[in-house]
Every structure is written in structure tokens, then in C-alpha cells.
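Visitor: Could you walk me through this one? I'd like to take it slowly.
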Amino acid sequence: MISAQEATYLRPDDRVFGLSINGDHRAYPLRITNAHEMVNDIVGGEPISLSWRTLCGTEIVYSAKINDMPTTFGTSGLLFRSNKVMYDRETNTLWNQFQGVPIVGELVGSGIKLEILPVSLTTWEEWLGDHPDTKVLSLETGFYSPSQYEPETDEASIYFGYRNNP
């Protein structure tokens with residue numbers, strides 16, 4: 001995460017997911033989340049997992065606690081009833097992204113359901129105007145070269161062809 005002042009790569013109309021917990025504000029640019037589909041973070045002292053289903057445009061932020069224990073989630077690459085399947089890194093249980101419930105693994109039948117947290121989809125300009133002290137996901141993710149996180153409107157961006165093909 002970097003400060004808003006360091007996020008010079010963002011343009012005013014870039015879309016971001018905005019999240020605020022306990023006075024801690026975070027912006028997760030879609031130009032990055034499109035490539036990863038999951039973000040694990042600690043915001044306001046709370047572990048969270050932002051799950052972004054790129055092809056249908058569904059974002060959900062969950063509290064990343066199972067039985068009050070923090071964990072992180074990943075994208076399995078699987079679909080269940082046309083929804084993304086996540087997995088938790090503690091038990092490797094598979095989770096329905098849309099409902100936040102376990103579907104395969106040791107937690108099935110446990111009655112556990114992930115807590116949904118509020119998230120905004122907005123522009124960088126709007127989020128920054130409301131939260132000037134926000135932290136922002138850096139282009140330096142450790143996975144891809146920063147040059148691969150092109151703005152969504154750029155022809156070189158991830159999913160540009162998909163979104164612009166009738």
C-alpha cells in the first residue's frame with residue numbers, strides 16, 4: 001500500500017474499490033484487481049478479502065475471519081453455479097464467492113458464513129475527495145510488472161477486448 005500522494009499512476013476517472021474500516025481508508029484500483037481477482041489486506045485492524053469476479057462485475061468484501069481466526073483467501077479458478085470459487089488458506093475449503101459459504105472441504109456443514117463488509121465502486125477522483133488520507137494498492141504487487149496494469153480504457157489493459165467486443 002502507498003499513500004494517495006504516491007499514487008501518481010492513477011487518473012481521476014480510474015475506477016477503484018473504496019473501503020473504510022475504523023477510520024482506515026483503502027482504494028483498490030480495478031486496473032490491478034482485474035489481474036488478481038482477490039485482495040487480502042488488514043484494514044482498520046480487521047483482516048479482509050476483496051473478491052472481484054471480473055467477467056460478471058461482482059465485487060464483495062468479506063471479513064477474513066473463520067471462527068474468529070484470521071485467514072487469507074485465493075481464487076481457485078473454478079466456477080460453481082456460474083460463480084467464482086475461492087479457497088481459504090487455513091483449511092483449503094472451497095467457498096462460493098457470491099454467498100460466502102463453504103461448498104467443498106472440512107468446513108461444509110459447519111454453518112459458517114463469511115461476514116459481508118460494505119465497499120464502494122467509484123472513481124479515484126471521488127474517493128480521494130472524500131478520503132484524502134486513503135492508502136492505495138501499489139503497482140508493485142510482486143506478481144506482474146507495473147507496466148501490465150494499464151488503465152481499463154487502454155487497449156493493452158486486461159479484459160479490454162472482452163469488455164469491448166459486442
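Visitor: How many positive and negative side chains does the chain have, and how far apart do the centres of the two sets lie?
Guide: The chain carries 12 positive and 22 negative side chains, with the centres of the two sets 6 Å apart. Lys and Arg count as positive and Asp and Glu as negative, while His and the chain ends are not counted, and each charge is placed at NZ of Lys, CZ of Arg, CG of Asp or CD of Glu.

Visitor: And where do these values come from?
Guide: This is a predicted model, in which local features need pLDDT of at least 70 and side-chain atom pairs count only at pLDDT 80 or more, whereas totals for chains, interfaces and linings use all residues. Residues are numbered from 1 along each chain as its sequence is written, and side-chain values use heavy atoms, leaving out hydrogens and water.

Visitor: How many helices and strands are there?
Guide: There are three helices and 15 strands in the chain, taken as DSSP runs numbered from the N terminus (helices H or I, at least four residues; strands E, at least two).

Visitor: Which strand pairs with β11, and in what sense?
Guide: Strand β11, residues 94-96, pairs with β12, residues 101-104, in the antiparallel sense over three bridges; pairing requires at least two bridges found by DSSP.

Visitor: What stands opposite W95 there?
Guide: That is P102 in β12. Four residues lie between the two strands of this hairpin, where G100 takes a positive phi near 70°.

Visitor: New topic: how much of the chain is buried?
Guide: Of its 166 residues, 46% count as buried, meaning under 20% relative accessible area with a 1.4 Å probe, protein chains only.

Visitor: What does its C-alpha trace span?
Guide: Along the principal axes, the trace spans about 45 × 40 × 25 Å.

How values were computed
Buried < 20%, exposed > 50% of the residue type's maximum accessible area, 1.4 Å probe, protein only.
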